[in-house]
Amino acid sequence: MSKRNPTHPGESIADAMREARMSATELAAALGMERGNLYRLLRGRIAVSPHTAVALEAVGRSNAEFWCRRQALYKLARYRDGIDA
């Protein structure tokens with residue numbers, strides 16, 4: 001079985017933000033979160049919470065379940081690698 005290292009969901013959010021030519025301030029406002037927390041999310045320092053997942057869904061970025069699954073898979077891979085044990 002090959003070992004997968006999923007990326008933090010924040011990387012995908014950052015990519016989508018750049019593609020949409022949206023500023024961090026605009027995205028933070030759309031998601032109802034502080035800009036500093038958005039930066040931490042984009043850099044993988046905090047997790048996608050259920051609240052953020054629903055907010056992403058509301059702005060048209062897939063559905064909340066998708067974001068929750070992505071976050072869970074990322075955390076599971078890190079746990080298996082002994083990083084978040």
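**Working chat: loops, helices and contacts**

Trainee: Is Arg21 buried or exposed?
Mentor: Arg21 is exposed, at a relative accessible area of 77%. Here exposed means over 50%, buried under 20% and partly exposed in between, with a 1.4 Å probe and protein chains only.

Trainee: Before we continue, what sort of model is this?
Mentor: The model is predicted: local features need pLDDT of at least 70 and side-chain atom pairs pLDDT 80 or more, while totals for chains, interfaces and linings use all residues. Numbering starts from 1 along each chain as its sequence is written, and side-chain values use heavy atoms, leaving out hydrogens and water.

Trainee: Back to Arg21, then. Where is Arg21 found?
Mentor: Arg21 sits in the loop between α1 and α2 (24-31). Helices here are DSSP runs of H or I with at least four residues, numbered from the N terminus. Although Arg21 is not a glycine, its phi is positive, at about 55 degrees.

Trainee: And what about the phi of Ser62?
Mentor: Ser62 is not a glycine either, yet its phi is positive, at about 60 degrees. Ser62 belongs to the loop between α4 and α5, and with a relative accessible area of 40% it is partly exposed.

Trainee: New topic. How many salt bridges does the count come to?
Mentor: The count comes to one salt bridge, the term meaning a side-chain nitrogen of Lys or Arg within 4 Å of a carboxyl oxygen of Asp or Glu. The side chains of Asp15 and Arg18 form it, at 2.5 Å from N to O.

Trainee: Where do those two residues lie?
Mentor: Both Asp15 and Arg18 are in helix α1 (residues 9-19), three residues apart, or about one turn of the helix. Asp15 is partly exposed, at 38% relative accessibility, whereas Arg18 is exposed, at 53%.

Trainee: On to packing. At what angle do α4 and α5 pack?
Mentor: Helix α4 (residues 50-58) packs against helix α5 (residues 64-80) at about 135 degrees, and their axes are 7 Å apart. The axes are lines fitted to C-alpha atoms over the stretch in contact, and angles run from 0 to 180 degrees between N-to-C directions.

Trainee: Which residues make the contact?
Mentor: On α4 they are Pro50, Ala53, Val54, Leu56 and Glu57, and on α5 they are Ala64, Glu65, Trp67 and Cys68. Contact means heavy atoms within 4.5 Å. By class, the residues of this contact are seven nonpolar, no polar and two charged.

Trainee: How does α1 pack with α5?
Mentor: The angle between α1 and α5 is about 135 degrees, with the axes 9 Å apart. Pro9, Ser12 and Ile13 of α1 meet Trp67, Arg70, Gln71 and Tyr74 of α5. The classes in the contact of α1 with α5 are four nonpolar, two polar and one charged.

Trainee: Where is the place of Val48?
Mentor: Val48 is in the loop between α3 (35-42) and α4, and at 6% relative accessibility Val48 is buried.

Trainee: What is Val48 in contact with?
Mentor: Apart from neighbours within four places in sequence, Val48 is in contact with Pro9, Ile13, Leu41, Ala53, Trp67 and Gln71. Val48 and Cys68 are 20 residues apart in sequence, and their C-alpha atoms are 7.0 Å apart in space.

Trainee: Last one: how many residues apart in sequence are Leu76 and Pro6?
Mentor: They are 70 residues apart in sequence and 9.5 Å apart in space, C-alpha to C-alpha. Leu76 lies in helix α5 and is partly exposed, at 37% relative accessibility.

How values were computed: Nonpolar A, V, L, I, M, F, W, Y, C, P; charged D, E, K, R; others polar.
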